[in-house]
Every structure is written in structure tokens, then in C-alpha cells.
Amino acid sequence: MDKHTQPKRKISRSLLLGTLLMLLLLGVGLGVLGSTTYSKGMMDRYQAHLQSLLWLAESQIDVDDLAVCIETGRESEKYEKAQAFLDCMKNTCDIKYVYVVKPLNTEPTDNMMNVIAGVSDLERELYSDILAKLGGLTGSDYSAEVAQMYLARMDRSSEITYYSNTTQFGYMYTGLMPLHNKNGDPVAILAIDIEMDEIHRTRRNYNLITGASVLILAVLSFGFTYFWLRRRIIQPIVKLQTASTNFVTSSRNTQDPEDLRFEKPDIHTHDEMEELSDALLSMSEDMKRYMKTLVVDTAEKERISAEFNVAKQIQNDIMPSVFPAFPERGDFDIYAIMESSREIGGDFYDFFLVDDDHLAMVVGNVSGRGIPAALFMVIVKTLVKNRALQGFSPAEVMQSVSEQLLEGNRAEMFSTVWLAVVELSTGKGMASNAGHRHPILCRAGKKFELQVYRHTPPVGAMEGIRFRDHGFQLDPGDTLVVYTDGVTDAINEQEEMFGTDHILEALNREPEATPSVLLQTLKASVDRFSGTMPQIDDITMLALKYYGPGQTGQAK
């Protein structure tokens, strides 16, 4: 499910549920902690109570005399006093049993010997015939596990052991300690039992009272928290959300910034909520101002874009763009391509007949970009064509154009230019290269090769430059290709440059092809090489195929 289509949760519900859950967890935690603390404290008190009773009972028993009584099976005077004291404890103390036994073994039956047992007045009246007697065995009253524990306490340690157990006498909490004679030898075990039911009842009552108190406190806390959250957080957030939604709706339904309205919510909490409300009001005013500025900027950009389009159209119109350019001529075929890297480029090309027997060709690249480069390009192209049409040699044209460009050239712009004039009747040509790329020539039946020769700096670059002519000869079937650095400097994803090697490779796939096929093949090769990389410079290419005089109907 898309996140935009998922049902929205209200923050008020989330806050209240989160608060309720937090209070419940806090209540349960406090209840468990209180119950645990109380239970531990209660058991500590019971142990302290048992400890006091055991020490009291021990103080009234002559262990050496008791050892003799156990050995002979006869009750002595001291034995009877101890019996009377234990009976008194049974009558007056809140205990279940107080007794002395001697562990014998860990068998399931008869594993203990009765020594003394405290008897209450009521028990003596009701059960006088079944009361435990000195030397009597306990039968199955004690399990083998309990007998094992009693036997383990028959040591020289005077520590008291506490444990809970279930016997035929009920569920008891017992404290037991060994009785030692004057030599420190254990004689018997003194034990006192307290009913666990009473302990559980006390703990249960405490838990009920504590649980009810925690529940009441949680309900009261939730009620207070709910009203506090609603007044301080939920209601301000709802007001902010309503105001923001209304503002967004109005912004979508109007194009006029003046129609935007942000109704400041009535929030007076004197905290971050009120600051947020003020911030949203300030943001809405900033947005209105931004939209006003955006409207003006958009109109200005549209005007500039329209002017760029007109300038682009003018630029295209001043360059030959109709092919075949000279359909009536069969002695040569010429074709050119120019693709700008932005709306207006700094590259240019031109070709024109100086007279019926002389063809002039121009390819150039102006420094800089955008409108300034385009304006400078028009000037360079116009000056070159005007001087060439007057019959000057290419070097003389460059000399004149460079001198004119240097007059008042505060922008310090310049342009590379390759200019050639070919005598169509003989194929003789004269070229001047002002800082431009070297041309590429393909002789009939052969392959394209780079024509490297010395050239001068660009026109308008500096004063005192002496431009020179370079002669060349075209024979029937020869093809000449000239290009700008936008072709060689094209890069791919690995930031490798296209270079002249790739140009030669592309042109030599069909060296005998017409100029239009050659340049289109070369352009396609550049596009494949660049892949997804953007075009960083203008791409301009011009190709001339010379057929010679007297030829008619050549493929265009």
C-alpha cells in the first residue's frame, strides 16, 4: 500500500492511547514492585519472629539432659519444665506447632523420633490419647525429602533454616535450628511452624488494597492527563492543522498571491505551540512574497526565453540551412551541421560563391557562451563574409577582421576561424587557419587523414598577428571535412574525450559517402560515444566533396 493511501491516524488518539498505556505500565510496575517489596518485608518479619521464638525456646531446654532423656526414653524434671514452656508458647504465641525431633534416616516412614511437642490446652483436652510421646516414631508424617533436610541440619552450625513445605499437617512455613550439647554435638532439631495460609491471606489483602489504590490513581492521573493534553497540545495541533489545510487549499485554487489567506489560530498557550503558530503565519507571508516574486520572475524568464528563441531563429537564418545548397551545380556538393549546447551557440559556419568559379567556406568558434558569444559570432561571420566577397585572400580577410575586432573590444572576446577559398575549375584552394582545428581530407579512393599545418592565434586575440595562407589541391572525388572542438571534446561516462581518432574511425566507415551521410554518421558516432553525458560544447561540422569541372547530376 502506498504511504499516501494509508489511513491517517489522529495524533489525539495516539497521544491518549500512549498516555493510557504508559499509566497502565507504570501502575502495573508500581504494583509489582510494591507487592514484591511488601512480600519480602513480610517474610523478613516472619523470619525475625521465628528466630526470636526459636531462641526463646532453646533457652528453656537443657540439651545435655534432653540427650539423656532421648537415650533412656524417660522424662526428667528438666524435660517436664521444657514441655511446660513449649505448651505455654503454643497457648500464647501465634504459631501452629513447636516441637523437637531427632532425624533418624531418609526412609519414607519412621524417619523421625518425637522428643518434645508443645500442646495447647484445647489439644490436650481433645487429643490426649494420640499426643506424641518421647521416643515415638513419626510414621509417615515427614517425607523423605524433609527428613533429608533435617538430617543435613544435624551439624555444629547454629544457623536457623527457613523453608516452606506441605505435609499432612498443612502448608507451613518452618524455622528450624539444631540443639547442641555442651560439647557442641547436635542432639536434636528444634522447629516452629507458622501456617502459610495466614501469610498468603495477608499478602492477598495487601495486593488487593494496593491494586485498587493503583487503579484509582491511574484513572485519576489519566483523567487529569487527558484534559491537560487536550487543552495544551491536542486542541492547538488541531487548530494548526485546520489553518494549514485551509492555506494549502487556497494556494491550490488560486494563481493570485493576494488571494492567499492564513487565518492565525487562536492559540495562547505561551509555549512552543504559540511560537509555531506565529512561525506559520510568518511563513505564509514569506510564501506570498515569494509567489509574487516568482510570478514576476516567471514572466521575465518567459520573455527572455522568447527572446532567446527569436535570437536562435535569427542565428539559424543567417547560416545556410537549405540542402542541397547549390542544386544547379554538379562540380561539388557541400553540407553542414550545427547543434548548440544551449539555446544560442558560439559556433558558426558559412559557405558562399565569391564568384561563379570560387567557393568560400568558413567554420568558427567564438570564446564565451550565451548572448555575448552569439552577438560576437554574428559580427565575426559578417566581417569575414564581407571581406571575402571583395576578393581578398583568406589571410588578408583574417588580418582585416582581427584588426576590426580589436577596436573597442572591452570584453576581450576572440574567435577561432578556418577560412578557405577553392577555385572550382581547377580544384586549387587557399586556406587560413586562425587557431582552429586541423581539417581532415580524403583523397579519392583512399581514407580520411588529418591535415596538420601551422596556424596562427584566433582573430581578435592580440595585435600584431601576421596571418598566413596555406595552399592545397583538391582532385575530383576528394572530400574535405572541417569541425569545431565540440566534436573532439565530447566526453563519455568515463570522462574520455572523443578526439580525432574517433572522428577518423567514423568517417572512414564510408569514405566515399556524400557529405550529408558522412556528417550524419559522424554525429551519430559522437552521440553513441557520449551516452548519457550532456553536450558540453557546440558541435559544428562542414564537409565538401569536389567532383571537378564539367560534372553534372552528382548525388547530393
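Turn the view along the principal axes and the C-alpha atoms fill a box of roughly 160 × 65 × 45 Å.

Some ground rules: this is a predicted model, where local features need pLDDT of at least 70, side-chain atom pairs count only at pLDDT 80 or more, and totals for chains, interfaces and linings use all residues. Residues are numbered from 1 along each chain as its sequence is written, and side-chain values use heavy atoms, leaving out hydrogens and water.

Now colour by secondary structure. The protein chain has twelve helices and 15 strands; these are DSSP runs numbered from the N terminus, with at least four residues (H or I) for a helix and at least two (E) for a strand. Of the 556 residues, 42% count as buried. Buried means under 20% relative accessible area, exposed over 50%, and partly exposed in between (1.4 Å probe, protein chains only).

**Stop one: β1**

Select residues 97-103, which make up strand β1. Five of the seven residues here are buried, so β1 is largely enclosed by the rest of the structure. Which strands pair with β1? Show residues 186-195, strand β5: β1 and β5 pair in the antiparallel sense over five bridges. (Two strands pair if DSSP finds at least two bridges between them.) Zoom in on Tyr 97, whose bridge partner in β5 is Asp 193. Next, pick Tyr 99, which stands opposite Ala 117 in β2.

Click on Asp 110, in the loop between β1 and β2. Asp 110 isn't a glycine, yet its phi is positive, about 50°. Asp 110 counts as partly exposed, at 34% relative accessibility.

**Stop three: a cis bond**

Jump to Pro 324, in the loop between α7 (272-317) and β6 (332-339). A cis peptide bond joins Phe 323 and Pro 324, with omega about 0°.

**Last stop: Glu 495**

Finally, select Glu 495, in the loop between α10 (485-488) and α11 (499-507). Is Glu 495 buried or exposed? Glu 495 is exposed, with a relative accessible area of 64%. Check its phi too: near 60°, a positive value in a residue other than glycine.
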